[in-house]
Amino acid sequence: MNYTPIARLVFERIARRTDRWTTDEEQIQRDVLHSLLKRGVATEQGRRYSYKEIIASKDPYKEFCSRVPLVEYEDIRADVMRMIEGESDVLWRGRCFNFAQSSGTSGGRSKYVPVPDENLKYGHYKGSADCVAHYLRHNPHSRLFSGKGFILGGSFASELKPSDPRVRVGDLSATLIDKINPLANFFRVPDKRTALIPNWKRKLPALVEAASDENITNISGVPSWFLTVIKEVMKKKGADKISDVWPNLEVFFHGGISFEPYREEYQRITDSTKMHFLETYNASEGFFAVQDDPTDHSMLLIVDNDVFYEFIPVDDLDSVPVPLWELEEGRVYEMVITSSNGLWRYRLGDTVRIAQLNPVKITIAGRTKCYINAFGEELMEENAEKAVAAVCAQTGAGVRNYTAAPVFAEGNRHGRHQWLFEWDEAPEDTEKFAELLDAALREENSDYDAKRTGDIFLDRLELITVPDGTFDRWLRSVGNHKLGGQRKIPRLSNDRRIADAILEQISL
């Protein structure tokens, strides 16, 4: 039975709500801040910075900025650990029983982000509903609810062992699956037990078994890992395209990493006459944006989902943050969030480019610490993703994972960039791939091009192919066991710590 017409009535109301954002974004955001402060009054954080006085002030936002400092994760780690051990009213009101483990991009100690129930309801689940609502609005012939969604997530496997067994630490996706409305289970696979299997050697064949013979209309997950699952399904069914297995597949809601290096391969194995790809910006810290228009790759910033946003210009990270209503179109900013998970003026580390104002639409630019500027080239993750995607399209190559780091001048050689690639489909000629990638980077980034001119300051990049599984072994070695979850491979690093550690995995 096709339940899409019934669901459309509900989701159309959700989509109409966002139409206000064209004119009312400032007031909506001020209301969000007021609500967050009001709920935070009785917390240690609220008492420390006198939230009652902030609320009562003439300009609460201005007072909030003057009293509450910007923080990074290490500034609040001790408070979060107290929350994990059962303390109430620390960063957010009441007890919190769910925490999202995130490796971030540094490869260092894991972060644990509180995920209170109200943050799930008004943040993550609300963002998911927005995503479906906008998809249905732009696709009047959709039969999304005539079959099932294949949702790929992680597990509650964690290096932490809380003293209270009710406290669960793991992937955000595991919490989302575990606490989802039971009605949603009629429209999704796999079942909860399979979805939360922590061992991916057992989980992968179980996922393939659960999904191979279902009527899958939509898939949701991280592009790199989902591609592995899909190819196993194709192998089991003897199919050249996943659309031959799931003929009614019509949309992939993807996020977590850039889709560009994988777009060509997904287009190859799906039915181009009906398939859509919609990006979401759903991190452990919050669900921030959705692609509301399939013809526009930028994403609509969700301004009423329990997140108050501030932005720091990337070209001046020591400057004062600005609120949403003072953004400049085309500029790149680091995001700062205040949210119902107890993150107050928290420097997210993600950078976004403002693609549009009124309503605000963004594209992911990268991370504040994910770049290479060892030789004045200022290569950003955004440049790398576009260049890799372009060369993959040219050569037919498929990338599973990659990272790059500088190699500093030695002997008669100038400095250069070293790129480590793990392939889904290796190019016929990796040396040619390296030449094309170097040219694409020069096209994307004028500073890189200037440093490469004449090979005077910077030699052509070096490309190294690493064996299958190398990146997974490195992730496990730094305490990130979450294969298939919210794992993040840093694409660019300004030093060699990560690249050298990955290369060491080859010799083990």
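Contact is taken here to mean heavy atoms within 4.5 Å. The structure is a predicted model, in which local features need pLDDT of at least 70 and side-chain atom pairs count only at pLDDT 80 or more, while totals for chains, interfaces and linings use all residues. Residues are numbered from 1 along each chain as its sequence is written, and side-chain values use heavy atoms, with hydrogens and water left out.

Glu 25 is placed in helix α2, which spans residues 21-40; helices are DSSP runs of H or I with at least four residues, numbered from the N terminus. With a relative accessible area of 4%, Glu 25 is buried, where buried means under 20% relative accessible area, exposed over 50% and partly exposed in between, for a 1.4 Å probe and protein chains only. Apart from neighbours within four places in sequence, Glu 25 is in contact with Val 303, Leu 324, Asn 358, Pro 359 and Val 360. Of these residues, Asn 358 is 333 residues from Glu 25 in sequence, yet the C-alpha atoms of the two are 7.5 Å apart in space. A polar atom of the Glu 25 side chain also lies 2.9 Å from the backbone nitrogen of Val 360.

Helix α14, formed by residues 381-395, has 15 residues and reaches 21 Å from its first C-alpha to its last, close to the 21 Å expected at 1.5 Å a residue, the expected span being 1.5 Å times one less than the number of residues. Buried residues in α14 include Glu 381, Ala 384, Val 388 and Cys 392. The helix is followed by Gly 396, whose phi is positive, near 80°.

Definitions and conventions
Helix = DSSP H or I, 4+ residues; strand = E, 2+ residues; numbered from the N terminus. Polar contact = N/O pair within 3.5 Å; in protein donor to acceptor, adjacent residues only side chain to side chain.
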